[in-house]
Amino acid sequence: MADTTALRSSPRPPGPTPPRPDSPPGKGGWLAVAAVTTGVFAIVTTEILPIGLLTPIGAAFRISDGTAGLMMTLPGIVAAVAAPAVTVATRRADRRTMLCALLLLLALADLLNALAPAYWAVLTARIALGLVIGAFWSIGSGLAPRLVPEHRRALANTVIFSAVPLGSVLGVPAGVFLASLAGWRTAFHAMTALTLIALAALLRSLPPLPPLTTTGPDALRGLLARRGTRTGLAVTFLIVLAHFGSYTYVTPFLMTTTHAGPGLVTGLLLAYGAAGLLGNLLAGGRAARALRPVFATVTVLLATATLLLPLLGAGGPGAAVLLTLWGLAYGAVPVCSLSWFLAAAPDAPEAAGVVFTSGFQATMSIGALAGGVVVDHGSPATVMLLGGAVALLAAALVGRYGHRVGPDPAPAPPA
């Protein structure tokens, strides 16, 4: 097939033969997994921290909530572009060097956020964050096969992706608490320190990681020509659109429909985040072995939670049950989505990571913007119902094509 040829035609960079992906560095591999997980935690927490600090940051620079919301929209847009652009531009660079350089850039972005004299400096820091998100996820999401033995790869992916819900459960509440004690800038100073710790851990634990293949434009075009990749993009677009189009406005829903006060809202969101961590842990290994039933179950649960919230979420108990179900479902979505792309391109894990990251981040921004349009012309309850309907479409797509995930079959030899 043309797409397989394109992926394999890129020559290896000059130099010594890189280590085989199934020959990990032994015990140090798990230390490296922990270091990558810490880096992801720092990235995710930095990305979503403004959700908890939107009001004080807006007040500090005398801007509206809508203008302050650019802090959430910009990184996703930049990351969607940076994922392929940076990965292709640095395709011959050692992956260890790249990950460390990206965390250094993140530390500088956090420091700029903490010291920002005006809002333009905050947005500059968020643009830098977008570059880090796109490139780090693209490179780091496919590293598990090179760090641990083959039978532990699913567990390594689960550990790395656990940093995503941990950012909601631990990162944001801790940042908001620090901000309440010493101002919002203190939260970003703390993120600077955490990122430098993650950088030191990477420098200490990661072995040299020369690229096994070069992820060039031809490799990405070949990957996009694969049926499994295209269906993976469609499923990811629908489920991420459903989630972020709805979840971005869950706080207004809880305040207007559930009539929850600040304390109850915080408790409900913590329950959501804790359930997300559990969902990631439960789905991680299972997604690698039985992707179709796991992903289908996850999408149906997410659809159920969002569809029922306007009906049963008027009281605190109903909202708590449904938000916990929602968190449990969404916690499994990133690892299921990445597993789909890796199964479609087992010979090109880094290219699969690029497509996964770019599609995921672009849809996050689209979902938040689309949800805002719906909320402005309707209500938070309306956006929940529409999100549930889109999630059902994702479930139907998984049911229809989930059994066909895998590399395209080789063409039959000519007679």
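In this predicted model, Leu108 belongs to helix 5, which covers residues 95-115. Together with Leu104 and Leu196, Leu108 makes a nonpolar surface patch of about 270 Å².

Beyond its neighbours within four places in sequence, Ala35 is in contact with Ala201, Leu202 and Ser205. The C-alpha atom of Ala35 is also separated by 9.0 Å from that of Leu203, although the two residues are 168 residues apart along the chain.

Helix 14 comprises 28 residues, 262-289. From its first C-alpha to its last it reaches 41 Å, close to the 40 Å expected at 1.5 Å a residue. A kink of about 40° is present in helix 14 and is centred on Ala283. Ala283 is one of the buried residues of this helix, which also include Val265, Leu268, Tyr272, Gly279, Asn280 and Ala287.

Most residues other than glycine have a negative phi. Arg62, which is not a glycine, has a positive phi of about 55°. Arg62 is placed in the loop between helix 2 and helix 3 (65-68), and is exposed, with a relative accessible area of 80%. His259, likewise not a glycine, has a positive phi of about 60°. The loop that holds His259 lies between helix 13 (250-256) and helix 14. With a relative accessible area of 64%, His259 is exposed.

Notes:
Residues are numbered from 1 along each chain as its sequence is written. This is a predicted model: local features need pLDDT of at least 70, side-chain atom pairs count only at pLDDT 80 or more; totals for chains, interfaces and linings use all residues. Side-chain values use heavy atoms; hydrogens and water are left out. Patches are made of residues with over 30% relative accessible area and no salt bridge: like charges are joined within 9 Å, nonpolar side chains (Val, Leu, Ile, Met, Phe, Trp, Tyr) within 5 Å. Accessible areas come from the Shrake-Rupley method with a 1.4 Å probe; for residues, only the protein chains shown count as cover. A salt bridge is a side-chain nitrogen of Lys or Arg within 4 Å of a carboxyl oxygen of Asp or Glu. Helices (H or I, at least four residues) and strands (E, at least two) are DSSP runs, numbered from the N terminus. The expected span of a helix is 1.5 Å times one less than its number of residues. The bend at a residue is the angle between axes fitted to the seven residues ending there and the seven starting there. Buried means under 20% relative accessible area, exposed over 50%, partly exposed in between (1.4 Å probe, protein chains only). Contact means heavy atoms within 4.5 Å.
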